[in-house]
Structure formats: structure tokens, C-alpha cells
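Subject: Structure for you to look at

Hello,

Here is the structure I said I would pass on. Please open it beside this message and follow along; my notes come after it.

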Amino acid sequence: MACLITIAGITLDCQPSLGGIKQVWITQYADVKSVTVDPDSNMISAITLETSAKWYNYQFRKATGSLTSTLNVDESAGVNYVSNELALVFTKMETAKRVEIAALSIGQLAVVVEDSNGKYWFLGKDDYVSASAGTGVTGTAKGDQNAYTLTLSTDSDSYPYELSAEAIQSVVGA
């Protein structure tokens with residue numbers, strides 16, 4: 001028997017579409033009490049944290065961060081999931097950044113990403129986000145990059161969910 005799905009088409013979007021991400025907010029995955037998806041909009045309408053928990057903002061230079069979501073399908077095995085990789089670059093190696101990146105690299109996290117189009121995306125709905133790679137580089141020449149890079153990854157049932165205005169406020173205004 002065939003799987004029944006509902007499709008509706010995609011219309012041409014004439015608005016500009018900008019690449020890159022602006023900033024991210026991170027919290028402990030264990031501190032996320034609930035994530036609510038609105039069935040009508042298919043967007044996250046609420047993210048509730050434990051009482052004392054909060055979102056922490058991470059900023060970086062433009063054109064240095066990215067979010068890549070890759071659909072993985074194996075028809076014969078019945079496998080269908082999305083791998084998400086969030087790549088962040090924090091310029092200028094220094095102790096405070098080294099300590100923070102070390103903490104992130106061993107944590108189980110939930111992440112909200114603001115892209116360059118002003119959309120907010122949630123990573124951590126199905127499972128926690130964790131570090132999968134990282135580097136620290138001094139560069140060779142004076143004009144080379146001196147920075148830490150960190151890649152955070154998670155596998156999920158679907159592409160990242162967009163946050164509604166109410167859910168954004170609970171993260172950004174927290």
C-alpha cells in the first residue's frame with residue numbers, strides 16, 4: 001500500500017533571500033520543558049523553559065556563520081531524517097571564548113538561530129544539539145583569521161521549525 005501524503009505546491013517567491021545567519025541563542029536541552037507546534041501554521045508557537053533557565057546570546061561577525069540542513073533518505077531501509085549543522089566562528093582567540101566554547105563542546109543544547117532574512121529557527125525539537133567539530137587557529141600572516149570555530153549538530157525528524165512572533169519574544173526577550 002502506498003503512503004498517502006498531502007501536497008499543496010510552492011509558488012514563486014519574488015522577495016530577496018539572503019544567505020547567512022546573524023546570531024544564535026543557546027540553552028541547556030534539559031531546561032526545555034516543552035515545545036509547542038501550532039497545527040495551523042506548523043510553526044513553533046511556544047518554548048517553555050524551567051523557571052531558572054534562560055537563553056544565552058552568541059554573536060559573531062557577519063558572513064562567518066551558517067546553518068545547513070541535509071535530508072538523508074534510504075528508501076530500502078525506510079530511513080528519512082534531517083542532519084542539521086550550525087557552524088559558528090568567533091574571532092580573536094582569548095581565554096573567555098576558549099572557556100565558553102569548551103563548555104558548549106560537552107553540553108547537550110537547544111538552539112535558536114536568527115538568519116539574515118529575519119527568520120528564527122529552532123534546533124533541538126527531537127533531540128539535543130551537541131558539538132561535532134571545532135578548531136582554534138592563529139593564522140600565519142597578519143591578515144589571516146585568528147578565531148575559534150565550532151560546529152553544533154543534531155539529527156531530527158524534519159527541517160528546523162520556524163518560530164512564531166510569540167515564541168521569538170520568549171527567547172529574545174528572555
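Which residue in β7 does Val24 stand opposite? Val24 stands opposite Val113.

Before the rest, two remarks on the source. This is a predicted model, in which local features need pLDDT of at least 70 and side-chain atom pairs count only at pLDDT 80 or more, while totals for chains, interfaces and linings use all residues. Residues are numbered from 1 along each chain as its sequence is written, and side-chain values use heavy atoms, with hydrogens and water left out.

The sheet

Strands here are DSSP runs of E with at least two residues, and helices are runs of H or I with at least four, numbered from the N terminus. Two strands pair if DSSP finds at least two bridges between them. An open sheet is formed by five strands in the order β4-β1-β7-β8-β11, with antiparallel pairing. Its edge strands are β4 and β11 (161-162), each of which pairs on one side only.

Strand β1 covers residues 21-28, and six of its eight residues are buried (under 20% relative accessible area with a 1.4 Å probe, protein chains only; exposed is over 50%, and partly exposed is in between). Seven bridges join β1 to β7 (residues 109-115), and the two run antiparallel. With β4 (residues 56-59), β1 pairs over four bridges, also in the antiparallel sense; there, Trp25 has Asn57 as its bridge partner. β7 in turn pairs with β8 (residues 120-123) over four antiparallel bridges, and Val112 has Phe122 in β8 as its bridge partner.

The cores

A nonpolar core is a set of buried Ala, Val, Leu, Ile, Met, Phe, Trp, Tyr and Cys residues joined through side-chain atoms within 4.5 Å. The largest one has 18 residues, of which Val24, Ile26, Leu86, Leu88, Val111 and Leu152 touch the most other members. At least two residues of this core come from each of β1, β6 (79-91), α1, β7 and β10 (147-156). Apart from it lies another core, of 16 residues, including Val32, Ile47, Tyr120 and Ala167.

Leaving out residues up to four places away in sequence, Ile26 touches Leu104, Leu109, Val111 and Leu152, among others (contact means heavy atoms within 4.5 Å).

On a 1 Å grid over the protein atoms alone, a cavity is a set of points where a 1.4 Å probe fits but cannot get out; a pocket is an open set with protein on both sides within 12 Å along at least five of seven lines, and lining residues have an atom within 4 Å of a point. Grid points are joined across faces, edges and corners, and a volume is the space filled by probe spheres set on the points.

There is one cavity of 30 Å³ or more. The largest cavity has a volume of about 70 Å³, and its lining includes Asn84, Phe122, Asp126 and Tyr161.

The largest pocket has a volume of about 220 Å³. Among the residues that line it are Asp13, Asp115, Trp121 and Glu162.

The second largest pocket, of about 190 Å³, is lined by 14 residues, with Thr27, Gln28, Tyr56, Tyr58 and Leu109 nearest its centre. β1, β4 and α1 (95-106) each supply at least two residues of that lining.

Regards
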